[in-house]
Protein chains: 2
Amino acid sequence: MRLLKERILRDGEVRQGNVLKVDKFLNHQCDIRLFNEIGQELRARFPQEITKILTIEASGIGIACIAGQYFDVPVVFAKKGRHSNQDEHLYRATVHSYTYNKDYEITVSQEFIGSQDRVLIIDDFLANGKAVEGLLDILCQAGAALVGVGIVIEKGFQDGGKKLRERGIDLQSLAIIDKMDEKQIVFRE
Amino acid sequence: MRLLKERILRDGEVRQGNVLKVDKFLNHQCDIRLFNEIGQELRARFPQEITKILTIEASGIGIACIAGQYFDVPVVFAKKGRHSNQDEHLYRATVHSYTYNKDYEITVSQEFIGSQDRVLIIDDFLANGKAVEGLLDILCQAGAALVGVGIVIEKGFQDGGKKLRERGIDLQSLAIIDKMDEKQIVFRE
């Protein structure tokens with residue numbers, strides 16, 4: 001997706017520890033026009049029947065909600081940690097965060113995803129793929145069908161994308177970065 | 001906003017501890033069509049010039065992003081807690097959570113809100129108003145102008161809304177609940 005790659009080159013900053021800072025437009029300040037372009041592109045890449053979009057708080061929510069307009073389906077976001085005012089009937093999965101070097105629990109109410117659902121997972125970043133694996137675990141518990149995984153930026157030099165593709169999952173990343181340092185960002189063709 | 005009130009009556013559940021559970025359509029599963037109606041209504045109530053929308057993670061993000069389309073401005077969401085890959089130049093405020101009975105820090109990068117901005121705050125709920133007060137504190141630090149505060153559901157029996165209105169703030173809540181228990185939900189006229 002050319003518009004997105006141009007934006008990453010213009011506004012992205014590479015920081016120590018393989019961090020790509022894109023908070024000018026993606027995950028702190030949200031460029032809603034760009035989100036609409038992303039939503040349309042995701043719909044074009046997943047033309048199949050989809051009944052629910054699943055994402056994870058916090059930075060996946062805005063993209064998933066804007067994209068949800070093009071799919072005309074509800075968006076469910078997995079919550080991080082146990083919430084005191086939440087229903088007891090929850091799907092639960094454990095996700096390892098490399099950024100913070102700890103495990104956290106994600107939960108989705110059993111009311112909102114079931115065996116009749118055909119689900120598209122959407123998230124802003126894919127690196128080691130641990131968050132997506134947690135969401136797949138929840139879909140498995142729900143007996144729901146996975147249609148695919150739509151990602152805005154994949155860090156292609158980490159192995160999350162490779163592992164998902166090896167499992168036969170239809171993973172569509174709108175920008176895949178194969179190499180980055182302070183001088184350059186190299187996208188996969 | 002009639003459509004919203006009907007939806008609260010149909011799908012909302014009152015739980016112990018003044019909890020109104022609306023996760024079927026607002027803050028766990030997101031009804032994107034309803035979010036669009038909410039976005040349009042907020043634009044109608046705030047026709048003034050606005051340059052940024054400010055919200056807080058997590059459940060404010062989806063509503064703010066959908067609403068952002070009608071204002072055609074970027075959406076900035078305050079982050080809860082300090083994030084390791086975030087810039088050092090942050091506005092910080094402390095928010096007290098009555099739900100969890102603890103204080104937490106919210107942060108916004110100084111890059112994204114400045115003295116030239118005219119800001120609309122959007123959030124899903126207003127009860128004691130502590131989250132909004134934290135966001136107001138950040139706008140004050142930024143020297144930005146507050147245009148108003150747009151809320152989806154205000155718990156009118158708690159004092160957050162009253163305090164904001166007494167300060168002369170243009171607070172627009174799309175549904176104000178004056179009384180609720182397991183048998184009924186009473187909206188303010």
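Predicted model: local features only at pLDDT ≥ 70, side-chain atom pairs only at ≥ 80, totals over all residues.
1. **How the two chains are related.** Chain A can be superposed on chain B by a rotation of 180°, with 0.0 Å of shift along the axis and an RMSD of 0.0 Å. That is the relation of a two-fold axis. The same surface serves both copies, since 100% of the contact residues of chain A recur in chain B.

2. **Helix α3 against helix α3.** Please look next at residues 59-71 of chain A and residues 60-71 of chain B, which form helix α3 in each chain. The axes of these two helices come within 8 Å and cross at roughly 50°. α3(A) and α3(B) are therefore oblique to each other, and α3(A) passes α3(B) in a right-handed crossing.

3. **Who meets whom there.** On the side of α3(A), the residues in this contact are Ile61(A), Gly62(A), Cys65(A), Ile66(A) and Gln69(A). They meet Ile61(B), Gly62(B), Cys65(B), Ile66(B) and Gln69(B) in α3(B). Sorted by class, the contact of α3(A) with α3(B) has 6 nonpolar and 4 polar residues, with no charged ones.

4. **Helix α3 of chain A against helix α2 of chain B.** α3(A) also packs on α2(B), at an angle of about 110° and with the axes 9 Å apart. That makes α3(A) roughly perpendicular to α2(B). Here Cys65(A), Gly68(A) and Gln69(A) meet Ile32(B), Phe35(B) and Asn36(B).

5. Is Asn36(A) buried or exposed? Asn36(A), which lies in helix α2 (residues 32-45) of chain A, has a relative accessible area of 14%. Buried means under 20%, so Asn36(A) is buried. Leaving aside neighbours within four places in sequence, Asn36(A) is in contact with Ile66(A), Gln69(A) and Tyr70(A) in chain A, and with Gln69(B) in chain B.

6. **A helix pair within chain B.** For a pair inside one chain, turn to helix α1 (residues 2-11) and helix α2 (residues 32-45) of chain B. These helices pack at an angle of about 140°, with their axes 10 Å apart. α1(B) and α2(B) are therefore oblique to each other. Leu3(B), Leu4(B) and Arg7(B) in α1(B) meet Leu34(B), Glu37(B) and Ile38(B) in α2(B). By class, this contact has 4 nonpolar, no polar and 2 charged residues.

7. **Ile56(A) and its surroundings.** Which residues does Ile56(A) touch, not counting residues up to four places away in sequence? Its partners are Ile61(A), Ala78(A), Lys80(A), Tyr104(A), Ile106(A), Asp123(A), Ala131(A) and Leu135(A). Ile56(A) is found in strand β4 (residues 52-56) of chain A, and at 3% relative accessibility it counts as buried. Although Ile56(A) and Val108(A) are 52 residues apart along the chain, their C-alpha atoms are separated by 9.5 Å.

8. **Backbone features worth a check.** Most residues other than glycine have a negative phi, and most peptide bonds are trans. Against that background, the peptide bond from Glu57(A) to Ala58(A) is cis, with omega near 0°. In chain B, a cis peptide bond joins Glu57(B) and Ala58(B), with omega about 0°. Ala58(A) is found in the loop between β4 and α3 of chain A, and Ala58(B) has its place in the loop between β4 (52-56) and α3 of chain B.

9. **Two residues with positive phi.** Asn101(A) has a phi near 50°, a positive value in a residue other than glycine. Asn101(A) is found in the loop between β6 (90-97) and β7 (102-109) of chain A, and is exposed, with a relative accessible area of 61%. Asp72(B) also has a positive phi, near 55°. Asp72(B) is found in the loop between α3 and β5 (75-80) of chain B, and counts as partly exposed at 45% relative accessibility.

Methods: Residues numbered from 1 in each chain as written. Chains lettered and ligands numbered in written order. Heavy atoms only, no water. Least-squares fit on C-alpha atoms with pLDDT ≥ 70 in both. Contact = heavy atoms within 4.5 Å. Axes fitted to C-alpha atoms, helices over the stretch in contact; angles between N-to-C directions. Helix = DSSP H or I, 4+ residues; strand = E, 2+ residues; numbered from the N terminus. Parallel < 35°, antiparallel > 145°, perpendicular 65-115°, else oblique. Left-handed = near helix turned anticlockwise from the far one by under 90°. Nonpolar A, V, L, I, M, F, W, Y, C, P; charged D, E, K, R; others polar. Buried < 20%, exposed > 50% of the residue type's maximum accessible area, 1.4 Å probe, protein only.
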